[in-house]
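Look at the sequence and the 3D view, then read on.

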Amino acid sequence: MYDVEITRPLTLEAALRLLEEAPDGQVLAGGQTLIPTLKQRLAAPELLVSLGRIEDLRGVSHQPGMLVIGAATTHATVARDAAEAYPALAALAGGIGDPAVRNRGTIGGSLANNDPAACYPAAVLASGATIVTSAREIAAEEFFDGLFTTALDEGEIITAVRVPVPRAAAYLKFAQPASRFALAGVFVAVFDAGVRVAVTGAGDDGVFRWEEAEAALDRRFDPEALAPLALDEDAIMGDIHAGPAYRAHLVKLLTRRAVDELLRNAAPGALRG
Amino acid sequence: MTTISMQVNGKAVSGNVEGRTLLVGFLRDHLGLTGTHVGCDTSQCGACVVHVDGLAVKACTMFAAEAEGAEVTTIEGMAEPGAPLGPIQQAFQDHHGLQCGFCTPGMVMSAAALLREVPRPSEAQVRDYLEGNLCRCTGYHNIVRAILAAAETRGPQGEAQA
Ligand SMILES: Cc1cc2nc3c(=O)[nH]c(=O)nc-3n(C[C@H](O)[C@H](O)[C@H](O)COP(=O)(O)OP(=O)(O)OC[C@H]3O[C@@H](n4cnc5c(N)ncnc54)[C@H](O)[C@@H]3O)c2cc1C
Ligand code: FES
Ligand code: FES
């Protein structure tokens, strides 16, 4: 790793100022993606501005119909503190990597990184969440902008994520056995306004909503409603672990299973409008 | 270079480190605590697991500067030198939970973190918790057995000295 200076400001304002003064500066959250990247010398920032001491960026707060999660909240904290209010989101957080990764990695870091195989982007997109930054509020639809790319500007810091809580939801991930990232992952959320299906791990352009599946499930919430659908394999990614046809198959299968799981486990009435 | 201070295994320590110094480097190279191992460059093997303020973390994936003011426990803190092994360590020996021993410090630290959270874990919970700890020798069965046995000997509260 190239040498780098680390600073640990106590406030968001101080962090923003430090980033403004150091054009080559970068935010450090849990470091669970950034440190491996630096070890490989794939990045060489001069200054890392740690969010670790900024209290305001941490914690899960409960509001009517909504969770507000501080950007520097770890996966382990979300797994614990969202368990009652939004069990599918808590389960997703509790399934990221391993316990040590979950004790450091944060939701803000995961969203800013926008790894095409990451878990949180699926939850955030399926929930219709809002990403709150130091400058503005960005709807999930506008936030993810292709592989490892987001709508964030230079020096802009995610401060929180506002996540509407659906009536019922499920996340199913087919883990890549070595990395535990999603070879394919599907988040199905049932809201009063309709069903939302977000897919990670599979899109050629990163996380996406599978709108045909949403429409089919709005008409009839049943795994069989998905039977006639097929994803466009040209828009599905392939790598040494799995080709596009296999991933497309996985996405459909995981969506069916998520619907099946919801039909079996959701509270009575939660799935009917 | 910056000066950092923290508690390691109950002792106040400090040192001069570069920004890029990882916690594992501080422990091994500055403090001579070489029980914490480095088995990979990709944050995947768990040989480096230590506790920071009571939580299991990969010491290879945290900057030393981020541990400023923290309480760190390493494998060296699991038993006094010359004293009998801690119950988890003893269980690893009794149940052949190691062969080459390279992964063992991380395994023991992960096990201690698990037993603090869940004093009586099921086998499935043990296996799930060890997701980020790789072992190239044992095939894991005896590691799992050792941790289940340690949970028994630690008594129902499980809060005893790991
Ligand atoms: C072994 C292993 C397994 C993993 N498995 C999974 C998995 O199964 N699923 C999954 O989704 N992820 C997985 N991850 C990734 C993990 O979730 C990371 O925690 C996450 O991707 C990055 O979060 P971080 O807080 O560690 O961010 P960092 O690594 O500190 O930062 C990542 C990037 O985001 C930027 N950034 C961080 N916070 C902010 C902010 N608030 N505002 C603006 N920019 C910011 C940083 O500058 C950097 O570019 C795994 C990681 C490891 C090491
Ligand atoms: S050395 Fe492999 S995870 Fe830390
Ligand atoms: S005992 Fe050799 S790696 Fe686990």
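What radius of gyration would a compact globule of 162 residues have, and what does chain B have? A compact globule with 162 residues would come near 15 Å, and chain B has 15 Å, which agrees. The radius of gyration is taken over C-alpha atoms, and the globule rule is 2.2 Å times the number of residues to the power 0.38.

This is a predicted model, in which local features need pLDDT of at least 70, side-chain atom pairs count only at pLDDT 80 or more, and totals for chains, interfaces and linings use all residues. Residues are numbered from 1 along each chain as its sequence is written, chains are lettered from A and ligands numbered from 1 in the order in which they are written, and side-chain values use heavy atoms, with hydrogens and water left out.

**Chain B**

- Chain B holds 5 helices and 5 strands. Helices (H or I, at least four residues) and strands (E, at least two) are DSSP runs, numbered from the N terminus.
- Along the sequence, the pattern of chain B reads β-β-α-β-β-β-α-α-α-α.
- Along the principal axes, the C-alpha atoms of chain B fill a box of roughly 45 × 30 × 25 Å.
- Of the 162 residues in chain B, 52% are buried. Buried means under 20% relative accessible area, exposed means over 50%, and partly exposed is in between (1.4 Å probe, protein chains only).

**Chain A**

- Chain A has 10 helices and 12 strands. Its radius of gyration is 19 Å, close to the 19 Å from the globule rule for 273 residues, so chain A is as compact as a globular protein of that length.
- The C-alpha trace of chain A spans about 55 × 45 × 30 Å along its principal axes.
- Buried residues make up 55% of the 273 residues of chain A.
- Chain A is divided into domain 1 (1-49) and domain 2 (168-265). These bounds come from an automatic or database domain assignment.
- The C-alpha centres of domain 1 and domain 2 of chain A are 35 Å apart.

**A contact between the chains**

- Arg8(A) sits in the loop between strand S1 (5-7) and helix H1 (12-21) of chain A.
- Arg8(A) is buried, at a relative accessible area of 17%.
- The side chain of Arg8(A) makes a polar contact with the side chain of Glu66(B), at 2.9 Å. A polar contact is a pair of N or O atoms within 3.5 Å; within protein, one must be able to donate a hydrogen and the other to accept it, and residues adjacent in sequence count only if both atoms are side-chain atoms.

**The site of ligand 1**

- Ligand 1 is surrounded by 33 residues. The closest are Val27(A), Gly31(A), Leu34(A), Thr106(A) and Arg180(A). A residue is near a molecule if one of its heavy atoms lies within 4 Å of it.
- Residues from chains A and B surround ligand 1, so the site is shared between chains.
- The shell around ligand 1 has 15 nonpolar, 14 polar and 4 charged residues. Ala, Val, Leu, Ile, Met, Phe, Trp, Tyr, Cys and Pro count as nonpolar, Asp, Glu, Lys and Arg as charged, and the others, Gly among them, as polar.
- Domain 1 (1-49) and domain 2 (168-265) of chain A each give at least three residues to the shell around ligand 1.
- An N or O atom in the side chain of Thr106(A) is 2.6 Å from an oxygen atom of ligand 1.
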